[in-house]
Amino acid sequence: MTERAFLIALDTGEYDAEVSMNELCELAKTGGAEVVSFAIQKRPTPVAATYLGKGMLEEIAAFCEHNDIDLIISDDELSPVQIRNIEDITATRTIDRTTLILDIFAARARSSEGKLQVELAQLKYSLPRLGGKGTALSRLGGGIGTRGPGETKLETDRRHIRHRIDVLKRELKQVEQRRTRMHERRRKNGALCVAIVGYTNAGKSTLMNRLTNAGVLQEDKLFATLDPTARRLTLPDGTEIMLIDTVGLVRRLPHQLVDAFRSTLEEAVWADVILNVCDASSEECAEHIEVTQALLHELGADGKPIINVLNKCDKATALDFGFFENSVKISALTGEGIDSLLDAIAAALPQSRKRLTLLLPFDKLSLAVAARKGTVHREEYTENGLLLDVTVDTQLLPPLFDYIIG
């Protein structure tokens, strides 16, 4: 059953409250709620006990009663006391932005690693709130904010939750160690990696499918996919890379999720090139890029080559593309600009491969074995020997130097 939701927010001047409210609306829809209406109150600071002013809450209470509202969602993180007081005044179940995002992640996680990460984030968030939530943890249902530890740990206490957190941390530590060993093997084997990062619903999965036929879920929803996907991609110059899709981002992503998904997000740290994908048709395109860049800085990915991929350019109208440095305009849906993107990736990669023309005398044909370890674009026997047009790793060049003709 779809829950009817009323959204609330404070405009303190710290950020654009209307833009953030629009994003909260999309999050609520993604979580399965029907957004009936919303209210934004201008105040310099939140009310310590009730978040919004009491008068505003009384108006909201009347609206909820007359419009069959099931749920109030706050755009800011609420304390247990604030949640209890809002519920007492409005007689309506209340959750905050963090709970909503955690709930969406709980519904979307598919892999065992993803489920571990989400459960850890939920437990970390619920632990300090056990004392103030009253009966909230005992509520059952199929709607927003009811999945995960809230419905499976009705009688648990802090000691049991802390124990479960310790278990999850150990399991995720093992996952992180396996991921680190995998990255080290890739690096040892000379594999080149390109990570796709960016705001949620910017078209990362569509781009992944366009480039590699990966079959990743594509939906016009926030956080359609959570689990990283890696696929091999051959660039036009013959260079083979590993293309990795990562979890999407939003403004003020709960720090519990950043911590829990750190091993997944750190795919960008190991990558040789980062594709920062954004929705070029969105008025907040520039801000979305900044949100991603801030997280990359937090993860320690500074100094990596970053290509700003302006997706959905076929829908963009008034955006000034000149604002973005090192950017490529594409449409992952139609394929427009994909060739330019592939060229940009090849140019940004560490130059470990080189395209050249070789003429190997017939008594040196054994050297063709090394040349063929690269990508052979053309091969032809002539009266003077074997003519090869190849792209090879620079480490294979020394024995071939004397036979390079172009």
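Visitor: Let us start with charged pairs. Which residue forms a salt bridge with R4?
Guide: In this predicted model, the partner of R4 is E34, and their closest N and O atoms are 3.5 Å apart. The pair links distant parts of the chain, since R4 belongs to strand β1 (residues 3-11) and E34 to strand β2 (residues 33-42), 30 residues apart.

Visitor: Is R4 buried, exposed or partly exposed? And what about E34?
Guide: R4 is partly exposed, with a relative accessible area of 25%. E34 is also partly exposed, at 38%.

Visitor: What is the bridge partner of R4 in β2?
Guide: That partner is E34.

Visitor: How do β1 and β2 pair, and over how many bridges?
Guide: They run in the parallel sense, and the pairing covers 9 bridges. Both strands belong to an open sheet of 4 strands, in the order β2-β1-β3-β4, with parallel pairing.

Visitor: Which strands stand at the edges of the sheet?
Guide: The edges are β2 and β4 (93-96). Each has a single partner strand, so one side of each is left without a neighbour in the sheet. From one strand to the next, the twist averages 25°.

Visitor: Which strands does helix α3 touch?
Guide: Helix α3 (residues 80-90) packs on the sheet and touches β1, β3 (71-74) and β4. The direction of the helix makes about 145° with that of β4.

Visitor: Back to salt bridges. How many does the structure hold?
Guide: The structure holds 8. One of them joins E240 and R232, with the closest N and O atoms 3.5 Å apart. E240 counts as partly exposed at 44% relative accessibility, whereas R232 is exposed, with a relative accessible area of 54%.

Visitor: And which residue pairs with K312?
Guide: K312 forms a salt bridge with D279, and here the closest N and O atoms are 3.5 Å apart.

Visitor: Why does K312 count as buried?
Guide: Its relative accessibility is 19%, and buried means under 20%. D279 is buried as well, with a relative accessible area of 14%.

Visitor: Which residues do salt bridges with shared partners join into one network?
Guide: That network consists of E23, D75 and R97.

Visitor: New topic: N308. Where is its place, and is it buried or exposed?
Guide: N308 is in strand β9. The residue is buried, with a relative accessible area of 7%. Leaving aside neighbours within four places in sequence, the contacts of N308 include N276, I289, Q293 and V328.

Visitor: Finally, what is the mean pLDDT of the protein?
Guide: The mean is 81, and 85% of the residues reach 70 or more. Over residues 132-142, however, the pLDDT is below 50, and this stretch has 12 contacts in the model beyond near neighbours in sequence. Residues 150-154 are also below 50, with 8 such contacts. Where pLDDT is low, the predicted coordinates should not be read in detail.

Technical notes:
Residues are numbered from 1 along each chain as its sequence is written. This is a predicted model: local features need pLDDT of at least 70, side-chain atom pairs count only at pLDDT 80 or more; totals for chains, interfaces and linings use all residues. Side-chain values use heavy atoms; hydrogens and water are left out. pLDDT is the predictor's confidence in each residue, from 0 to 100. Contact means heavy atoms within 4.5 Å. A salt bridge is a side-chain nitrogen of Lys or Arg within 4 Å of a carboxyl oxygen of Asp or Glu. Helices (H or I, at least four residues) and strands (E, at least two) are DSSP runs, numbered from the N terminus. Buried means under 20% relative accessible area, exposed over 50%, partly exposed in between (1.4 Å probe, protein chains only). Two strands pair if DSSP finds at least two bridges between them. Axes are lines fitted to C-alpha atoms, for helices over the stretch in contact, and angles run from 0 to 180 degrees between N-to-C directions.
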